[in-house]
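Q: Hi! Could you walk me through this structure in plain words?

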Amino acid sequence: MRAEHFTTPQPFGWKVDEILSYMDHQGIAMQMLSNVPNSHVGLRSSNDYGATIVKQHPTRFGLPATLPTDDAAAAMKEVERSISELDTDGFTVHSSDNDVDLGDASLEPLWEMLNGRKQTVCFCIPMCMPHRSWDAQLL
């Protein structure tokens, strides 16, 4: 069921040169990179990969770092790392991550941290993916 409705059997092919060619053809000056990793390790790796692309093409791509909003402490560490090491353009959060919604009281320290920064951009992406614990049950 999951494979039929939520994911593809293999990751979509995404090649920087092909995307740049498409952007040029369509008159797109810049693209913000975004991903929905399914683990904290994947999230960190995705942010690192996006930052590498931005460093290679700083006028064509931007990166709002994705934050793990099911764990406020981990999200706050990723905020600090994203600013100090990756030089990201803001942050991406998901409306629900492992059944932790953005209004959950456990995330208050994260919101206070982000609100304390001047001109912080935070994109919210509505989540329609299944809970991560479903992976083992559905595969």
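Q: Happy to start. What kind of model is this?
A: This is a predicted model, so please read the values below as computed from it.

Q: Okay, helices then. At what angle do helix 4 and helix 5 pack?
A: Helix 4, residues 72-86, and helix 5, residues 108-115, pack at about 20°, and their axes are 9 Å apart. Angles under 35 degrees count as roughly parallel, and this pair is therefore described that way.

Q: Which residues make that contact?
A: From helix 4 you have Ala 75, Met 76, Val 79 and Glu 80. Helix 5 brings Pro 109, Leu 110, Met 113 and Leu 114.

Q: And how many of those are nonpolar, polar or charged?
A: The contact of helix 4 with helix 5 has 7 nonpolar residues, 1 charged residue and no polar ones.

Q: What is the reach of helix 4, end to end?
A: Helix 4 has 15 residues and spans 20 Å from its first C-alpha to its last, close to the 21 Å expected at 1.5 Å a residue.

Q: Which of its residues are buried?
A: For helix 4 the buried residues are Ala 72, Ala 75, Glu 78, Val 79, Arg 81, Ser 82 and Leu 86. They pack against helix 3 (40-56), strand 3 (64-66), strand 4 (90-94) and helix 5.

Q: What does Glu 78 touch?
A: Not counting residues up to four places away in sequence, Glu 78 touches Leu 43, Arg 44, Asn 47, Thr 66, Leu 67 and Pro 68.

Q: Let's move on to Leu 107. Where is Leu 107, and is it buried or exposed?
A: Leu 107 sits in the loop between strand 6 (100-101) and helix 5. At 0% relative accessibility, Leu 107 counts as buried.

Q: What does Leu 107 touch?
A: Setting aside residues up to four places away in sequence, Leu 107 touches Thr 69, Ala 72, Val 100, Asp 101 and Leu 102.

Q: Now a glycine: where does Gly 62 lie?
A: Gly 62 lies in strand 2, residues 61-62, and is buried with a relative accessible area of 0%. Beyond its neighbours within four places in sequence, Gly 62 is in contact with Met 30, Gln 31, Met 32, Leu 33, Val 54 and Asp 89.

Q: Cysteines next. How many disulfides are there?
A: The structure holds 0 disulfides. Cys 122 is in none, and the nearest cysteine sulfur, that of Cys 124, is 7.4 Å away. A disulfide needs the two sulfur atoms within 2.5 Å.

Q: Last topic, backbone angles. What is phi of Asp 87?
A: Most residues other than glycine have a negative phi. Phi of Asp 87 is near 55°, a positive value. Asp 87 is in the loop between helix 4 and strand 4 and counts as exposed at 62% relative accessibility.

Q: And what about phi of Asn 98?
A: Asn 98 has a positive phi of about 55° too, although it is not a glycine. Asn 98 lies in the loop between strand 5 (96-97) and strand 6, and is partly exposed at 26% relative accessible area.

Notes. Residues numbered from 1 in each chain as written. Predicted model: local features only at pLDDT ≥ 70, side-chain atom pairs only at ≥ 80, totals over all residues. Heavy atoms only, no water. Axes fitted to C-alpha atoms, helices over the stretch in contact; angles between N-to-C directions. Helix = DSSP H or I, 4+ residues; strand = E, 2+ residues; numbered from the N terminus. Parallel < 35°, antiparallel > 145°, perpendicular 65-115°, else oblique. Contact = heavy atoms within 4.5 Å. Nonpolar A, V, L, I, M, F, W, Y, C, P; charged D, E, K, R; others polar. Expected span 1.5 Å × (residues − 1). Buried < 20%, exposed > 50% of the residue type's maximum accessible area, 1.4 Å probe, protein only.
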